[in-house]
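Take a look at the protein below. We will walk through its charged pairs, its domains and some of its strands.

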Amino acid sequence: MVTPTFKDPEIVRKGAFVNGEWLTQGPNQFNVTDPATLKVIATLPDQDVSIVDTAIDAAYEAFKTYKHTTPRQRATWLRNLYNLMTEYNEDLGKLVTWENGKALPEAKGEVKYGASYFEWYAEEAPRIYGHTIQPGNPTNRAFTLRQPVGVCGIITPWNFPSAMITRKAGAALAAGCTVVIKPDSQTPLSALALAYLAEKAGFPKGVFNVVLSDTQTPEFGLKLCESSKVKKISFTGSTNVGKILMKQSASTLKKLSFELGGNAPVIVFKDADLDNAVEQAVASKFRGLGQTCVCANRIYVEKDILQKFGAKFAEKVSNFKIGHGLNEETTHGCLINSKALNKVEEHVQDAIDKGAKILLKGGRREDLGENFYEPTVLTNVDQSMKVASEETFGPLGALIPFENAKQVVEWANDVNVGLAAYVFSKDINTIYSVSEALESGMVSCNTGLFTDCSIPFGGVKESGFGREGSLYGIEDYTVIKTVNIGTIQTL
């Protein structure tokens, strides 16, 4: 068993965090396992659903005073949290790898990226501006205020157990909101570590809460959605679960922001810088071993360069070192569970059965563990295959030839989601026209890794709504109040 050592062993928490208290007891316990070894790495309380009410009440009471703290004070606490995440980067990265399976350099990169949102929103907190308005009545004056929406329920997935929380909580805390966080039960240790650091950073009791459940996750979500004290839900996960949460939130008409499924197309035109396109497509496709919502899923390559692109792509992927994420030589770790591995195999077999050709034969690496899979690269994939319409969320590189821009844009848009897309070309006209035509919330041109705290992150269609990060990210955590003053006399 590969076991990390931590500079601060207290970073590995043993319980939930509610109203400034660490709660280690529950009616049952659940185990957190290392997906690479399937060994138990932590045992945590599987809390009763009543803890959600307790956490909501704590956040609701804390909000009454927290909303009146000055933006500069909130900025100081957020800056403290950013500094602590930077100081604890190694320990936090090891936690991500231990519970998620990704390679340590990538895990440490996630922590650095996640911390940047606390720095960004420390700077945004004092800049939540309103506007002055001159109404039609000359004796009236009006202005707007942006005020915090209230208690926010934050529900996050396993694939970015640290960054998915910071991206949401950073904006909420900066606006003056309090939070109740429900992390995925496969990867709760990173969330608890953030609570530990939030306590160190000086946030008041009840502002930052983390609740835990393995067996009652749907019930926890229902509680958050139906509570009249919770004014906003932010969720990252599948489109199907997003639709359920949206229905459940309808009774209280709370604000929602959803970052849901993706099926990202990569479009490589024949005039692209081939080496750069290959390198960036590989980086996008196999980040987190393909387990991210913005990973390349359909790699469209103009027919004239398909053979050259495919050979270079397969060669680069063949150099991966698959292994436990904590091993120094590992470039890519394991999948999160057997269900994820089975889906990759299903998509590979479906494509081969329908005529796809193998460029790089991957498959299970049972010599490493049950959840290890060597990446597969296929060429001559077409629109009839599952990988063209379903998100694989795993290490399958599917190369699809296309004839022209009109055809490939139609294929790229022929899905019900639209989160990220990628375009590679040296022609600025192609870059502009294709980017504008793609039905996607984000289009990255000539680079495969684009996420940054300064860039608005979010999708269209059934990939959700709302934006995280950037100057827009804080808006979803505020409400606009209009103040109108009448009978103003002019001098």
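**Salt bridges, domains and strands**

The salt-bridge count comes to 23. A salt bridge here is a side-chain nitrogen of Lys or Arg within 4 Å of a carboxyl oxygen of Asp or Glu. Side chains of opposite charge can pair when their charged atoms come close. Keep in mind that this is a predicted model, where local features need pLDDT of at least 70, side-chain atom pairs count only at pLDDT 80 or more, and totals for chains, interfaces and linings use all residues. Residues are numbered from 1 along each chain as its sequence is written, and side-chain values use heavy atoms, leaving out hydrogens and water.

Start with one pair. Asp53 forms a salt bridge with Lys223, and their closest N and O atoms are 2.7 Å apart. This pair links distant parts of the chain. Asp53 sits in helix H1 (residues 50-66) and Lys223 in helix H7 (residues 217-226), 170 residues apart. Helices (H or I, at least four residues) and strands (E, at least two) are DSSP runs, numbered from the N terminus.

Now step back to the domains. The domain assignment gives domain 1 (9-260 + 464-480) and domain 2 (264-445). Such bounds come from an automatic or database domain assignment. Taken over C-alpha atoms, the two centres are 31 Å apart.

How many residues of domain 1 are in contact with domain 2? The count is 23 residues of domain 1, against 25 residues of domain 2. Contact means heavy atoms within 4.5 Å. The area buried between the two domains is about 1,800 Å², with 61% given by carbon and sulfur atoms. Buried area is the accessible area (1.4 Å probe) that two parts lose on being put together, summed over both. Ala36, Glu106 and Trp158 supply 25% of the area that domain 1 buries against domain 2, more than any other three residues.

What about charge pairs across this interface? The rule finds zero salt bridges there. On the side of domain 1 that touches domain 2, helix H3 (89-100) and helix H4 (104-124) each supply at least two residues. H3 gives the largest share, five residues.

Next, the strands. Two strands pair if DSSP finds at least two bridges between them. Strand E3 (residues 28-33) and strand E4 (residues 40-46) run antiparallel, joined by six bridges. Asn28 has Asp46 in E4 as its bridge partner. E3 and E4 form a hairpin with six residues between them. In the turn, Leu38 has a positive phi of about 65°.

Finally, three strands form an open antiparallel sheet in the order E5-E6-E24. Strand E5 (132-133) and strand E24 (478-485) stand at the edges, each with a single partner strand, so one side of each is left without a neighbour in the sheet. Two bridges pair E5 with strand E6 (residues 141-148). Thr132 has Phe143 in E6 as its bridge partner.
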